[in-house]
Amino acid sequence: MISKRIIPCLDIKDGRTVKGVNFVDLKDAGDPVALASSYSKRGADELVFLDISATEEGRGAFEPLIYEVAKTLSIPFTVGGGIRSTDKVSSLLQKGVDKVAINSSAVQRPELVSEIANKFGSQCLVVAIDAKCIEGTWRVHTVGGKQSEALELFSWAEEVTNRGAGELLFTSMDHDGTKAGFAIEALAELSDRVNIPIIASGGAGTKEHFSEVFLKSNVDAALAASVFHFSEIEIADLKDYLRSKNILVR
Amino acid sequence: MKQVAIIDYGAGNVQSVQFAFERLGIQSVVTSDSSEIQRASHVIFPGVGHAKAAKSHLIETGLIDVIKSLNQPVLGICLGMQLLCNQTEEGPTKGLQIFDTSVVKFDVDLKVPAVGWAPVKSINHPLFERLDNEQFYFVHSYYAEVSEQTIGLADYQISYSAALANKNFLGVQFHPERSGKAGEQLLTNFLKLS
């Protein structure tokens with residue numbers, strides 16, 4: 001059987017981690033390389049890096065940084081932000097990245113999903129979907145949640161799955177940052193509708209929220225940022241707790 | 001002196017394998033040069049992506065006979081391991097027939113590809129020294145059936161070969177280069193073989 005994965009997510013801007021971090025044993029808490037290595041040692045099962053300034057700025061410091069992180073890390077490494085072509089994917093994979101995450105660029109040009117899957121295999125492609133529930137319908141949003149699209153979450157998830165996505169990373173914009181728990185109902189429906197692994201994101205605030213999402217929906221992984229960055233939840237403690245609920249973790 | 005050669009045949013992400021050896025303080029070369037591969041003390045046969053495409057890249061390099069005739073320890077990783085089997089349903093594609101088993105697609109009620117960390121039950125082989133029931137990172141839709149050469153078992157509704165061995169040839173379905181401490185231990189064990 002496969003363990004449920006716990007994934008910290010680092011938002012990177014100008015080569016630094018944003019959304020402050022306060023690991024006491026790090027000399028420079030904003031240094032993504034030090035943070036990545038620390039998470040790897042603390043029991044994270046995978047690491048996601050999102051280049052949040054990718055679209056509005058030049059690439060600058062990002063790729064050399066990615067190379068340094070990939071070098072340090074002994075767990076799978078996913079990178080997202082501003083990826084619009086198979087050339088870009090190729091360049092990231094050559095730097096030691098294991099998977100890429102695409103979001104807005106897939107909505108703008110769904111063929112990109114098939115192109116990446118065909119060229120590099122589905123195993124390296126995560127399609128990220130941000131959605132918000134508006135009058136009972138989960139509407140897909142792009143450009144960091146700023147733009148509302150005509151797409152509906154479940155049909156879009158099915159389309160990218162058919163096009164060759166290897167995993168889905170679903171963030172509920174209604175739950176993100178609230179620390180009130182994951183979007184359980186939407187995640188349960190999503191995992192019924194598609195047969196590829198799903199990473200749940202948005203709303204993690206307590207250890208109970210993680211056990212709830214694993215027990216009440218068939219998701220494969222849970223992603224969070226601030227609860228880990230601020231050490232509100234230690235990954236090792238979280239895993240002990242999940243084990244006590246008979247959830248298989250590493 | 002350990003000299004690791006990582007076979008480069010245009011099928012997959014060799015950088016993370018090279019980084020993993022670097023973390024162990026071991027220099028490795030990524031190469032498609034047959035004499036460089038033959039000279040190495042240890043050889044890695046990596047691979048990700050589609051079996052058919054990988055096999056045709058491999059044919060283009062002309063390395064198939066070189067690989068089959070290697071006498072030093074050789075470790076196939078993921079698709080690399082699958083290509084060392086008799087054949088795979090993906091394609092379908094004929095393998096190098098080092099491991100006497102077949103690779104078939106998961107036909108289970110679970111999600112495919114299988115992505116994530118899973119425990120491996122080892123069957124008394126030095127590659128798994130100090131590694132019984134440790135978890136490793138897997139990403140795959142096809143698996144090698146259990147055979148007499150299986151040295152590690154994993155299960156995903158059915159039991160399959162997480163690792164295979166035939167003389168100096170070894171293969172792992174998971175990615176030791178991305179499997180944390182357990183992966184590092186496995187690569188260290190591999191380097192101890194001669």
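Local features need pLDDT of at least 70 and side-chain atom pairs count only at pLDDT 80 or more, while totals for chains, interfaces and linings use all residues. Residues are numbered from 1 along each chain as its sequence is written, and chains are lettered from A in the order in which they are written.

**Exercise 1. Confidence in chain A**

Find the stretch of chain A where the pLDDT is below 50.

*Solution.* Start with the term: pLDDT is the predictor's confidence in each residue, from 0 to 100. Chain A has a mean of 90, and 92% of its residues reach 70 or more. The stretch below 50 is residues 22-27. Beyond near neighbours in sequence, residues 22-27 have nine contacts in the model. Where pLDDT is low, the predicted coordinates should not be read in detail.

**Exercise 2. The side of chain A that touches chain B**

Describe this side by count, by element and by class.

*Solution.* Contact means that two C-beta atoms, placed from the backbone, lie within 7 Å. By count, 26 residues of chain A are in contact with 27 residues of chain B. By element, helix H2 (62-72) and helix H3 (86-94) of chain A each give two or more residues. Helices here are DSSP runs of H or I with at least four residues; strands are runs of E with at least two; both are numbered from the N terminus. By class, nine residues are nonpolar (Ala, Val, Leu, Ile, Met, Phe, Trp, Tyr, Cys, Pro), nine polar (the others, Gly among them) and eight charged (Asp, Glu, Lys, Arg).

**Exercise 3. Strand S7 of chain B**

Which strands pair with S7(B), and in what sense?

*Solution.* Pairing requires at least two DSSP bridges between two strands. Strand S5 (residues 85-88) of chain B runs parallel to S7 (residues 99-105), with three bridges. Here B:Thr88 stands opposite B:Val103. Strand S11 (residues 142-144) of chain B pairs with S7(B) in the antiparallel sense, over three bridges. There B:Val104 has B:Tyr143 as its bridge partner.

**Exercise 4. Backbone angles**

Locate B:Pro92 and A:Asn246, and state the backbone feature of each.

*Solution.* B:Pro92 lies in the loop between S5 and strand S6 (93-94) of chain B. A cis peptide bond joins B:Gly91 to B:Pro92, with omega about 0 degrees. A:Asn246 lies in the segment after helix H10 (235-244) of chain A. A:Asn246 is not a glycine, yet its phi is positive, about 60 degrees. Next, burial: 20 or more other C-beta atoms within 10 Å means buried, 12 or fewer exposed, and in between partly exposed, with C-beta atoms placed from the backbone. A:Asn246 has 8 such neighbours, so it counts as exposed.
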